[in-house]
Amino acid sequence: MSPTAGSLRLSCRAHFSISHWKVRTPKAVSFQQHTNITNLPRDDSIKEKKQSFLFSFSSHLQCLLIHYIHSHESLILHTITSLIAIHLVSEMDNIKTPFRGIIKDFKGRKACYKRDWTSALCSGTSILAPTTYIFFASALPVIAFGEQLSRDTDGHLSTVETLTSTALCGIIHSIFGGQPLLILGVAEPTVIMYTYLYNFAKGRAELGPELFSAWTGWVCLWTALLLFLLAILNSCTIITKFTRIAGELFGMLIAVLFIQEAVKGVVSEFNIPKDEDPNSEKFQFQWLYSNGLLGIIFSFGLLFTALKSRRARSWSYGTGWFRSFVADYGVPLMVLVWTALSFSVPSKVPSGVPRRLFSPLPWESASLQHWRVIKDMGKIPPVYILAAIIPAVMIAGLYFFDHSVASQMAQQKEFNLKNPSSYHYDILLLGFMTLLCGFLGLPPSNGVLPQSPMHTKSLAVLKRQLIRRKMVQSAKECIKQQASNTEIYGKMQAVFIEMDMTPSPLVIVTEELKDLKEVIMKGEQGKNADEKFDPEKHIDAYLPVRVNEQRVSNLLQSILVGASVFSMPIIRRVPTSVLWGYFAYMAIDSLPGNQFWERMLLLFITPARRYKVLEGVHASFVESVPFKYIFMFTLFQLVYLVVCFGITWIPIAGILFPLPFFLLISIRHHVVPKLFHPHDLQELDAAEYEEIAGVWSHSRSFKFKDLEPIQSGGKEGEVEICDDEILDELTTSRGELKLRSLSFPEDRISQWVNRLRERRREEKRRRKEKEKKKKGREEQKIKM
C-alpha cells in the first residue's frame, strides 16, 4: 500500500485545471425540507413508541446473548483470538516481506528513468525558468540556516557546510532518486537537533567541541541504519497515521521557532558578539546602538517588502509578466536591495556597522577540517557511541516524517502525475546520503517544504505552456485549411498525446479533453452553436494539468547551490539583520493555509462579527462544526504546541522535542475520538484543505469559466488572469492544493437541520444509556 492512499493525501473530488476549477455545488433544498425544521420535536415524539419497543427488544436480546456466551465461552474466545491473529498477520505482512516496497519502487522508476531525462530536452531553454525559481527558493533558507548554525555552534558549522550538504544531496537525489520533483535541503529541524548535539558535546570533557563533528558522525551512522530498517520493512505506510493535526502542529512549531530566532537575532544586534574585543570602536555605545537601530530597520524592511512582493500576482497594477516576475523573484530581489542599502551608510561609520554575515571561506582551514571527520570517529568513547542512538532515533523519525510528507506534497493527485511514486526507495537513498554527510562532517539534507510542491507547480505551468503553444499552432493550421470541427479536435488531441509523452490510455485522455471537445464542437457555452472556435481564446479554460516530470531542473538548481559555495565572499556582505528579517518572513508566510492558525484567529472574532467570516472565502468547518467544538479542538492543539515548545527550552532533554509528535499518533486515534463527534473530527482534521466561497461574494449564476485568460495587451475591459495567479490562489503556503466549493444559505440550512437531528438522536441515546446504568445500579443495591 502506498502512502498516497493515506489520509494525508489530498482527495481529488473536483476536476482541477490550470486555468479554472469546476465549482462543486450541493444539491438544492426544497421548501418542504425547510419546513421540517419546526417539525423536529413532533418527529421525535412520534418515534417514542418505536424506540421503547426497540429498547425492550434489545434487553431481551442481551439476556439471550449473555446466556449464549456462558454456554459457548471457549468457542467465542477462540473466535476472538483468531480475529486478533488475522489483524496481527495483516499488520506484520510488511515485516514478513522485506524489500518489497523498495523493489516495487525501483522497478516502477526504472521504466520511466530515460523519459525523465529526454522530456527535459523537449523544453529547451524554457527549463531554466523553473530552475532559477527553485534555486532562489532553496538557497536563501539554507544560507539563513547556516548563519543560525554558526551562531549556535560557535562557528564549527556555517553556511559553507549547509550549502555543500544541500548541493551534494540534491545532485545525488536528482540522478539516483526515485522522485526527481522532491527538493532536498538542510531544514530547521536539522539545525535544532545539531544545536542540541553541540551543547551536549561541549559540556562533556570526553568529547568537547573538538570531537563534536566526529560524534555527530556516529549519530548519522545510527540514523542511517534506522532509515535503512524503515525502508526495508516497508514502513512508509505508517505515514498515513500522521493526520492534518500533526502536520499543522509541526508547521506551527517551526514558525514559532523562526520568530524566536528572528527576535533573538534582532536583540543580539545591540550586544557584543562572543570572542570579540569590547574595546573596538564599532562596539562603543553609540555605534553599538546605531547597529541595533539599523538592524531593526533592515529586518522590518525586508519583512514588509518580502511579504508584499510574495503576493504580487494579486496586485491590481502592472502586467501579468511583471507581477509573475516580482512574485517569483521578489524575495531574493529584496535581499539584494536591502543589502545594497546597507552600503549607503556614511563613510564615518565604522566598517563593522551594520554587522554582516560571518562564515569562513571554503578554502580556509576552518572549512577544510570537516573533510577528515571520519578519522576522528575512532576517538569517541564506546559509551558515547551507544548514547548516539538516542538522538539518532529522534532524527530518523523526523527525517522519515518530513521526507515522506514533502514527497507527498510534491506529487499531489491534482497535479495528475503519470510516473509512479517511490517512497520506500527514497527513504533508503536518504539513509545513504545521511551516512555520507555524517562521514564528511556535514549536516544532512532531507525533503523540504514548501520548495518541493513549488517545484512541481512551476513545472506544471511550464509543461502547460509548451502543450498550449503546439495545440494552438495545430488548430490554426486546420482553420486555415477550412477543416471541420471534428478534424480540428482530432489534430489537437493527437498533438496533446504527442506532447504529453506519458503512456496514458486513450480513454483517460479523451475524458480529460471532454470539455475542450464540447467547446470545439458546439462553441462556447451560452453562445451560438455556429460560432467559430478560437483556439487562443478557448483552449486555456479547458486544458488539463500536466507536469513536466524530469530530473534536469533539480540537477541544475543543485549545481547552482554548489556554485554558491564559491560565492561566499559575496554572500558574506549580506547584513545579519536582513537574515533575521528573512526568518520572520518564513514564519509569517507559512501561516496562511494552516487551519490551526486560522482557528486561533477565529477565536478572537466576536459572535456579532462572525458573519464577516462567512462573507469571505472560509474553511468548510466554520459552517459545519459548532463553535464550541472548534474552540475545544483549537485549545487542545494550543496546549500541545506550548508543551512541544517548552520541551525545546530544556537544555539536554530538548533533543527529545520530536517525541510528542510521535505520541500524537496514539492520542489522535485513541483519545481524541472520545472527545469529539466523528463528523466534527472529520471536518477539523480533514485530509484535504477544503474551503467555501463567500456567501455574498458571487452570484449563483457566476461561472469561473467566464474568467478566461487572455494575453497581455488584450482588449480593454476583458479580464486578465494568468495560470500562476490561479495556482497561487488555490495553493497554501506549504504547497497544499485547496478544494473550493460554493455554499448557499439553503444548503447550510439543510446541513444544520441534518446536524441538529443527528445530535438530538445522539443526546437521546446517551440519556437512555445513563438511565439504564442508573436502573442497573439501583437493582444491584436492592439485591444487596
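Predicted model: local features only at pLDDT ≥ 70, side-chain atom pairs only at ≥ 80, totals over all residues.
**Aromatic pairs**

- F135 and F136 form a tilted pair, because their ring centres are 5.0 Å apart and their planes stand at 55°.
- F135 counts as buried, with a relative accessibility of 12%, whereas F136 is partly exposed at 32%.
- F636 and Y640 also make a tilted pair, with ring centres 5.9 Å apart and planes at 45°.
- Both F636 and Y640 belong to helix 31 (residues 627-647), where a spacing of four residues separates them by about one helical turn.
- F636 is partly exposed at 23% relative accessibility, while Y640, at 11%, counts as buried.
- Ring pairs also build a cluster, whose members are Y133, F135, F136, W321, F325 and Y329.

**Salt bridges**

- Side chains of opposite charge can pair when their charged atoms come close.
- K274 and D154 form a salt bridge in which the closest N and O atoms are 4.0 Å apart.
- This pair links distant parts of the chain, 120 residues apart: K274 is in the loop between helix 12 and helix 13 (285-310), and D154 is in the loop between helix 8 (128-152) and helix 9 (159-176).
- K274 counts as exposed, its relative accessibility being 64%, and D154 counts as partly exposed at 36%.
- D328 and R313 meet through their side chains in a salt bridge with an N to O distance of 2.4 Å.
- D328 is in helix 14 (residues 320-342) and R313 is in the loop between helix 13 and helix 14, so that this bridge, too, links distant parts of the chain, 15 residues apart.
- E769 and R765 form a salt bridge with 2.6 Å between the closest N and O atoms.
- In helix 35, E769 and R765 are four residues apart and are therefore separated by about one helical turn.
- E769 has a relative accessible area of 38% and is partly exposed; R765, with 40%, is likewise partly exposed.

**Positive surface patch**

- K773, K774, R777 and K781 form a positive surface patch.
- K774, one of these residues, is placed in helix 35 (residues 745-783).
- K774 counts as partly exposed because its relative accessibility is 48%.

**A contact across the chain**

- F258 is part of helix 12 (residues 244-268).
- With a relative accessible area of 7%, F258 is buried.
- F258 and E188 are 70 residues apart along the chain, and their C-alpha atoms are separated by 8.5 Å.

Methods: Residues numbered from 1 in each chain as written. Heavy atoms only, no water. Patch = residues over 30% accessible without salt bridge, like charges linked within 9 Å, V, L, I, M, F, W, Y side chains within 5 Å. Areas by Shrake-Rupley, 256 points an atom, 1.4 Å probe, with all protein chains shown as cover. Lys, Arg positive; Asp, Glu negative; His and termini not counted. Charge placed at Lys NZ, Arg CZ, Asp CG, Glu CD. Helix = DSSP H or I, 4+ residues; strand = E, 2+ residues; numbered from the N terminus. Buried < 20%, exposed > 50% of the residue type's maximum accessible area, 1.4 Å probe, protein only. Phe/Tyr/Trp six-rings, centres within 6.5 Å; stacked < 30°, edge-to-face > 60°.
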